[in-house]
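Me: I would like to learn how to read the contacts in a model like this one. Can we take them one at a time?

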2 protein chains.
Amino acid sequence: MSQELNERSRKILEAIIEDYIDSAEPVGSRAVTRRHQMGLSPATVRNVMADLEEMGYLLAPHTSAGRIPTEKGYRFYIDSLLRVRPLTLTERQRIEQHYHLKGRRIEDVLQEAGKVLSSISHYTGLVLAPRFTSTVFRQIEFVRLSEGRILVIFVSESGLVQNKVIETDERLAQSELEQMTNYLNLTLSGLTISEVKAKILEEMRQEKALYDRLLKKALEFSSETFGEEEGGQVYIEGAVNILEQPEFTDIERMKRLFRAFEQKSLLVELLDAAQKARGVQIFIGSESEYSEIEGCSLVTAAYTGRGGNVGTLGVIGPTRMPYNLVIPIVDYTARLVSKVLEVDS
Amino acid sequence: MSQELNERSRKILEAIIEDYIDSAEPVGSRAVTRRHQMGLSPATVRNVMADLEEMGYLLAPHTSAGRIPTEKGYRFYIDSLLRVRPLTLTERQRIEQHYHLKGRRIEDVLQEAGKVLSSISHYTGLVLAPRFTSTVFRQIEFVRLSEGRILVIFVSESGLVQNKVIETDERLAQSELEQMTNYLNLTLSGLTISEVKAKILEEMRQEKALYDRLLKKALEFSSETFGEEEGGQVYIEGAVNILEQPEFTDIERMKRLFRAFEQKSLLVELLDAAQKARGVQIFIGSESEYSEIEGCSLVTAAYTGRGGNVGTLGVIGPTRMPYNLVIPIVDYTARLVSKVLEVDS
DNA sequence: CGTTAGCACTCGACAATATGGAGTGCTAAC
DNA sequence: GTTAGCACTCCATATTGTCGAGTGCTAACG
């Protein structure tokens, strides 16, 4: 049964999937022969289609409708049939022009990337910001906010700024804070956050009977600052775009998806998983056990900073998606963002 | 024609509006007499309803349906009929419990406020963050990112952190940056941003033939930093909540609203306008000429910081909204946020 | 033996039609 | 001024019929 597909079946499967991507409607045998003249009669195509259905690549919504691809069908299409179309010059330019602005903060670059992805693909753009822990320490500042509340500002090598409020009983003058700042900046500069954590722990252990109150406090503070794992920040841009797709006339489905957007954690997980890989990756809806994004696909690519892959960006849309267009868009954007980040740091 | 409404008409109008808020369906004369026994027959109520329709408070979607309130009806209801129900103790506690966490950044407090607003009201929570310009300067820091790119970090009195990248041809050592920092922190501390701007301009003019290169550079930088008006940051929480409302089964309408959410500028405008007022304000949909939020209402209240009203928060939902519940929620949240911010600073 | 024409059949989409119920406005009586 | 009664309107819903697209099967064909 599950033998290889011969050339003809593959051609027909490809035709059906591409027609379906275009039209969002079940594709009949007739339509296949008409739009892609391949010297076959509808009847023959029907036979092949029946086989493809048997093998699980296609699915008929009801007896007398055409066929639509199953996820297995899409998967096969993506892995074996798809030929991506390289971007034209104007397309590349259209993407590029958004990155020429000077003096951009990283956050702005990432958000802009999301917007561009969404506006060019007509789906929803996703960008997972670099993990706090994967960045390199550059500078720390303490600002006394009020009695017992101190604002910690932390700048990474690449210019990401994080801040956090910590509380303390101790009364510290601004000048004392400055001393602490100097000490920490000297000690920690150039380390990754993971290394920073380790270093702090080590210092704290080593100097158990800490003679210097300020030093002790400084270590405590930074321990508190770097202790918690930040849940990755994710930019979701153009969420409404996706609603233009006919699959989202189903309101319930739409709500599920938007709940997932609002919660973010699911997307973070998916994007995080995709970060390890090289090149463009494609998740198909329920391959990922999350019912919220049923019927959707993610096309993602990691972008690089100083320390290899630091974040992920991509597009989410219906599984019925022109992958041959979206893939190069995502790919190119990832390269572009990588370039911008690398130049910056 | 447009004479005063007598007691009876007002009672009936109130009953209709409240029933409609409950049911989201046109209210008939029968229903009014049944649910609020007021010693009148349906026929009499019908007569009154006809009058109310004539006067523009009600509207019949079609010949043989009940009546629904017009915007004029809602407006009258809100201004003259509504009695808000004070929050119960448990409700207050339910709101409060989200603000007990220590060591919160302002951004977190505001976002949390939005979430609470949305989850308690079942609509969408909105919070307009304090305007950059309305905050008080506390501290500035420069961090050299790379050749010619400098990260400026600015902390307001209340602990808001903003950052920005500026570019320069000049090569500046970190030590020089520190000098600049000291100078600016000394000069500008305690001023509002508007005052900071003025001050910088003045200094620049006064010391036209600036002897000190660094000082000049410092002023230039801060001028660049504070020059641009930041578009107010707005938190939109629980946008999906609003979709549970029956008025948003209309997909087109929903899309319009979500586009407005995505764009934010419209909301910023509305919230900004509401910031001047004291107490709870209510905008009714098309009173505001923006078709995107047609059929929606905003219930807002300004919250205060050090300098009077610094931001606005509220709820957006369908005009058919239980104002008597939502108003105290918004009111109480605004007070709470104000308290948190004032304590902090 | 693979391919194709022909045909009966299935099913959804859509329009036309009927039915019921909720609610109204009007009129006449109280 | 209030109310019962009644004819009327209109929507919502279900029912039915029709049309077209598409299928699977079978038999014929090269």
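Me: Which side chains meet in a salt bridge at 3.3 Å, N to O?

Reply: This is a predicted model. Look for a Lys or Arg nitrogen within 4 Å of an Asp or Glu carboxyl oxygen. Here the side chains are those of Arg259(A) and Glu244(B).

Me: How many salt bridges does the rule find across the interface of chain A and chain B?

Reply: The rule finds 4 across that interface. Polar contacts are counted separately. Chain A and chain B have 14 residue pairs in polar contact, with both residues at pLDDT 80 or more.

Me: How is the size of an interface often given?

Reply: Often as the accessible area lost when the parts come together. Chain A and chain B bury about 3,500 Å² between them. Of that area, 53% is on carbon and sulfur atoms. The contact takes 42 residues from chain A and 42 residues from chain B.

Me: Now inside one chain. What domains does the assignment give for chain A?

Reply: It gives domain 1 (7-81), domain 2 (89-131 + 232-344) and domain 3 (133-227). Note that domain 2 of chain A is written as two segments, 89-131 and 232-344.

Me: How far apart are the C-alpha centres of domain 2 and domain 3 of chain A?

Reply: Those centres lie 34 Å apart. The contact takes 6 residues from domain 2 of chain A and 7 residues from domain 3 of chain A.

Me: What area do these two domains of chain A bury between them?

Reply: Domain 2 and domain 3 of chain A bury about 620 Å², 58% of it on carbon and sulfur atoms. The side of domain 2 of chain A that touches domain 3 has 3 nonpolar, no polar and 3 charged residues. Across this interface the rule finds 0 salt bridges.

Me: Where in chain A is confidence lowest, and where is it highest?

Reply: Read the mean for each element. Confidence is lowest in helix 9 (residues 213-227) of chain A, at a mean of 78. Strand 3 (residues 124-128) of chain A is highest, at 98. Chain A averages a pLDDT of 89, and 95% of the residues score at least 70.

Methods:
Residues are numbered from 1 along each chain as its sequence is written. Chains are lettered from A and ligands numbered from 1 in the order in which they are written. Side-chain values use heavy atoms; hydrogens and water are left out. pLDDT is the predictor's confidence in each residue, from 0 to 100. Helices (H or I, at least four residues) and strands (E, at least two) are DSSP runs, numbered from the N terminus. Domain bounds come from an automatic or database domain assignment. Contact means heavy atoms within 4.5 Å. Buried area is the accessible area (1.4 Å probe) that two parts lose on being put together, summed over both. Ala, Val, Leu, Ile, Met, Phe, Trp, Tyr, Cys and Pro count as nonpolar, Asp, Glu, Lys and Arg as charged, and the others, Gly among them, as polar. A polar contact is a pair of N or O atoms within 3.5 Å; within protein, one must be able to donate a hydrogen and the other to accept it, and residues adjacent in sequence count only if both atoms are side-chain atoms.
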